[in-house]
Amino acid sequence: MIPFNKPYLTGKETTYIEDAVTSGKISGNGIFTKKCQFFFEKKYGFNKTLLTTSCTDALEMASILINIKAGDEVIMPSYTFVSTANAFVLRGANIIFADSKEEHPNIDETKIEGLITPKTKAIVVVHYAGHACEMDTIMAIALKHNLFVIEDAAQAIDSFYKGKALGSIGHLATFSFHETKNIISGEGGLLVINDEQFGDRAEIIWEKGTNRSAFFRGDVDKYGWVDVGSSFLPSDIISAFLYAQLENLLDIQQKRKAIWNTYYEQLKPLEKKGLVKLPKVPENSTNNAHMFYLVCNSNEDRKGLIKHLKANHIHAVFHYLSLHKSPFYIDKYEGEKLVNTDNFSEVLLRLPLYYELSRNMQEKIIQKINEYF
Ligand SMILES: *Cc1c(COP(=O)(O)O)cnc(C)c1O
């Protein structure tokens, strides 16, 4: 079986975990946590970062930081992972779903302004497949209406919009290091704080609502309960694992991009014949090779292709089901039909893409796709 995903280990993970263990400090905010945060801040120009136990947790922190209250409205795409919405629903927000673009699952920036009401508090963008949303337009809308922008950059490590790292543009941003992402720690995430007004409070929320971080820095002489919060910080064992991955970021990215490009070049003839569409990287965006997907012409085609690949021991998978039609939200949804979101729910198919996918395996996948058509 060629799996859809296989977590890649660089070899240094267990060495660094051993280092963390022998150092005697394995709770959160230790040496490896600081090393990882420093890496991200330096490499991508993020103002301040905090490692979290998941992207979900980082999104929940963002929701607390912008003071989401019952009845607030948050605009986001419907074609996304549950956590993008859940983090704000947990604090009482109503989610206002916007449609995707016709040619890309990213939020259609031209649909956002029409959804803004006096209750709107934030816009959450998702850089699907690591491809940038149209951030200049979105930041201008936010500025005009006094809204916060949060980038769900879970899939977008090492990708750029007009030369700026994704995750460095919104007021806040979140990344994931779940084992299905480019850089992994099993479960793991990162909160990026670009707007300095959130910096001190983010540390407090991260450390259970206490000013513990400031205490250890020596900024205050005792620490206590100063705000709401939770335990959002990962153990240094997790950060040690992540650090090994970060050291190999370049190698991992080169490998993934090579696989992505091979798919693109070799499947191009199918697109020319109108049998399938290939991903369209937006003009102002780089491609971080997080994902290679096909947009099939119909749901039948997608089903047939999944079945054909499965019969040949290849695991290809579809992706999000429109959140506005989910069992949890369908009764609450009062907006318009989201035709592009629904279309991607029906016809988008993801192909295996991981570091250890060999040339032979990829040739087989491509051959079997051609065979189907
Ligand atoms: C993976 C993913 C998440 C969730 O990340 P976790 O680290 O598993 O919490 C959230 N949003 C998007 C767009 C994702 O792809």
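Which helix does Ser-83 lie in? Ser-83 lies in helix H4, where helices (H or I, at least four residues) and strands (E, at least two) are DSSP runs, numbered from the N terminus. Before going further, keep in mind that this is a predicted model: local features need pLDDT of at least 70, side-chain atom pairs count only at pLDDT 80 or more, and totals for chains, interfaces and linings use all residues. Residues are numbered from 1 along each chain as its sequence is written, and side-chain values use heavy atoms, with hydrogens and water left out.

Back to Ser-83. With a relative accessible area of 9%, Ser-83 is buried; buried means under 20% relative accessible area, exposed over 50%, and partly exposed in between (1.4 Å probe, protein chains only). Leaving aside residues up to four places away in sequence, Ser-83 touches Thr-56 and Leu-59, a contact being heavy atoms within 4.5 Å. With Thr-56 there is also a side-chain polar contact of 2.8 Å. A polar contact here is a pair of N or O atoms within 3.5 Å; within protein, one must be able to donate a hydrogen and the other to accept it, and residues adjacent in sequence count only if both atoms are side-chain atoms.

Now step back to the whole chain. The domain assignment gives domain 1 (13-247) and domain 2 (249-372), with bounds that come from an automatic or database domain assignment. Taken over C-alpha atoms, the centres of domain 1 and domain 2 are 26 Å apart. The contact between them takes 43 residues from domain 1 and 34 residues from domain 2.

How much area is buried between domain 1 and domain 2? It comes to about 3300 Å², and carbon and sulfur atoms give 56% of that. Buried area is the accessible area (1.4 Å probe) that two parts lose on being put together, summed over both. Polar links do cross this interface: the rule finds 23 residue pairs in polar contact, both at pLDDT 80 or more. A salt bridge here is a side-chain nitrogen of Lys or Arg within 4 Å of a carboxyl oxygen of Asp or Glu. On the side of domain 1 that touches domain 2, helix H2 (31-44), helix H4 (82-89), strand E3 (94-98), strand E6 (160-161) and helix H8 (236-247) each supply at least two residues. The largest share of that side, four residues, comes from E3.

The structure as a whole holds 16 salt bridges. Side chains of opposite charge can pair when their charged atoms come close. One of the bridges joins the side chains of Lys-121 and Asp-72, at 3.5 Å from N to O. That pair links distant parts of the chain, 49 residues apart: Lys-121 is in strand E4 (residues 120-126), while Asp-72 is in the loop between helix H3 (55-65) and strand E2 (73-77). Lys-121 is buried at 19% relative accessible area, and Asp-72 is buried too, at 11%.

Another bridge, between Asp-108 and Lys-111, also has an N to O distance of 3.5 Å. Here Asp-108 is buried, at 11% relative accessibility, whereas Lys-111 is partly exposed at 39%. Then there is Lys-268 with Glu-271, whose closest N and O atoms are 2.9 Å apart. Both of these residues lie in helix H9 (residues 249-272), three residues apart, or about one turn of the helix. Lys-268 is partly exposed, with a relative accessible area of 26%. Elsewhere, salt bridges that share partners join Lys-48, Glu-203, Arg-217 and Asp-219 into one network.

What about the cysteines? The structure holds zero disulfides, a disulfide being a pair of cysteine sulfur atoms within 2.5 Å. Cys-133 is in no disulfide either, the nearest cysteine sulfur, that of Cys-55, being 14 Å away. Cys-36 is buried at 0% relative accessibility, and Cys-133 is buried at 2%.

Finally, look at the backbone. Most residues other than glycine have a negative phi, and most peptide bonds are trans. Lys-208, although not a glycine, has a positive phi of about 65°. Lys-208 is found in the loop between helix H6 (199-206) and helix H7 (212-217), and is partly exposed at 41% relative accessible area.
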